[in-house]
Amino acid sequence: MIQILKAPDHVLALSLQGEISADDVAQMKRAAQQKLGAHAEIGIVVDFTGFSDATEAAIREDIRFEFGLLGQIQRFPRVACITDKQWMGMAMSYAGKLLPTMEMKVFLPAKQGEAIAWSAALPPRRTEKDAQAIKRIPTDRKDVYAFEVDGVVTAAEMPAITAELDRFLKEHQKVRMLVRVKHFAFDPSILAQPGLFSIKIAAMQKLDRYAVVGAPPWMQKAVEVVNPLFPAMEIRTFASDKESEAWAFIEANLLR
């Protein structure tokens, strides 16, 4: 069963007891929708102390429910997990890396009150300016699209970015690109953005050279895998202190 815990109105606090059924998940869904209908952002607390198992139907229903919330993930800035299980704490840690717009924290069972208080203390809402992780870099060539990524790429900024990139691609037969990566993370809900896939396809068809500056190790590995798949497109990675070489590779100059 699921018990709704006493908490501030902008916090959804749940205690999972015993085996969770599909009806329990439906109850959780109704409670979440009620909170979201009343508040722009809500904190989440889930106490797993008494949790033992979940039915197959409950798991299916929970997966559908959580996937349905991906487009609103920015409305859950803080999620507290109450547990004494180490594996669950590790899972939360990994989930936090995949969902950078959501702050996650694990509390021991004796700290339920602290967990609720922490979730209730929502961080200040990001302004539109704060949300802009992607910024255009001016160049001396019209067929070069250069940009910098510094922060968490959110769904809020993607419509303007995709519209600008779409216009750029339509203006040129062949293009070159450069990205300067300072810090990169993304809101998974951007994967559901309309038009994003078609923009990627159009870019791959027209892209001649692509320079990636400051790529983290995992991104460098991804480039190594992708490069042989697109022989007409050359992608190179450059260390942050070798940016001048990246500009030379795409045969363009930074306008200061």
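A charge is said to sit over a ring if NZ of Lys or CZ of Arg is within 6 Å of the ring centre and within 35 degrees of the ring normal. In this structure the charged end of arginine 136 sits over the ring of phenylalanine 168, 5.8 Å from its centre. The model is predicted: local features need pLDDT of at least 70, side-chain atom pairs count only at pLDDT 80 or more, and totals for chains, interfaces and linings use all residues. Residues are numbered from 1 along each chain as its sequence is written, and side-chain values use heavy atoms, with hydrogens and water left out.

**Overall picture**

- The protein chain has 8 helices and 10 strands; helices (H or I, at least four residues) and strands (E, at least two) are DSSP runs, numbered from the N terminus.
- The C-alpha trace of the protein chain spans about 60 × 35 × 30 Å along its principal axes.
- Of the 256 residues in the protein chain, 41% are buried, where buried means under 20% relative accessible area, exposed over 50%, and partly exposed in between (1.4 Å probe, protein chains only).
- Among contacts (heavy atoms within 4.5 Å) with a separation of 6 or more, 77% join residues 24 or more positions apart.

**The sheet and its helices**

- An open sheet is formed by 5 strands in the order E6-E7-E8-E9-E10, with mixed pairing; two strands pair if DSSP finds at least two bridges between them.
- Strand E6 (134–137) and strand E10 (234–238) each have a single partner strand, so one side of each of these edge strands is left without a neighbour in the sheet.
- On average, neighbouring strands of this sheet are turned by 20 degrees against each other, direction ignored.
- Strand E9 (residues 207–213) pairs with E10 in the parallel sense over 5 bridges, and tyrosine 210 stands opposite isoleucine 235 in E10.
- Helix H5 (residues 158–171) packs on the sheet and touches E6, strand E7 (144–153) and strand E8 (175–186). The direction of H5 makes about 165 degrees with that of E7; axes are lines fitted to C-alpha atoms, for helices over the stretch in contact, and angles run from 0 to 180 degrees between N-to-C directions.
- Helix H7 (residues 217–226) lies across E8, E9 and E10 and runs at about 160 degrees to E10.

**Aromatic pairs**

- The structure holds 6 aromatic pairs; rings of Phe, Tyr and Trp (its six-membered ring) pair if their centres lie within 6.5 Å, and planes under 30 degrees apart count as stacked, over 60 as edge-to-face and the rest as tilted.
- The rings of tyrosine 145 and phenylalanine 168 have centres 5.2 Å apart and planes at 55 degrees, so this pair is tilted.
- Tyrosine 145 belongs to strand E7 and phenylalanine 168 to helix H5, so their pair ties together parts that are 23 residues apart in sequence. Both residues are buried, and Tyr145, Phe147 and Phe168 form one aromatic cluster.
- Phenylalanine 238 and phenylalanine 249 form a tilted pair, 5.9 Å centre to centre with 45 degrees between the planes.
- Phenylalanine 238 lies in strand E10 and phenylalanine 249 in helix H8 (residues 243–249), so the pair ties together parts that are 11 residues apart in sequence.
- Phenylalanine 238 is buried, with a relative accessible area of 11%, and phenylalanine 249 is buried at 5%.

**Arginine 176**

- Arginine 176 is placed in strand E8 and is buried, with a relative accessible area of 11%.
- Leaving aside neighbours within four places in sequence, arginine 176 is in contact with residues including Tyr145, Phe168 and Phe249.
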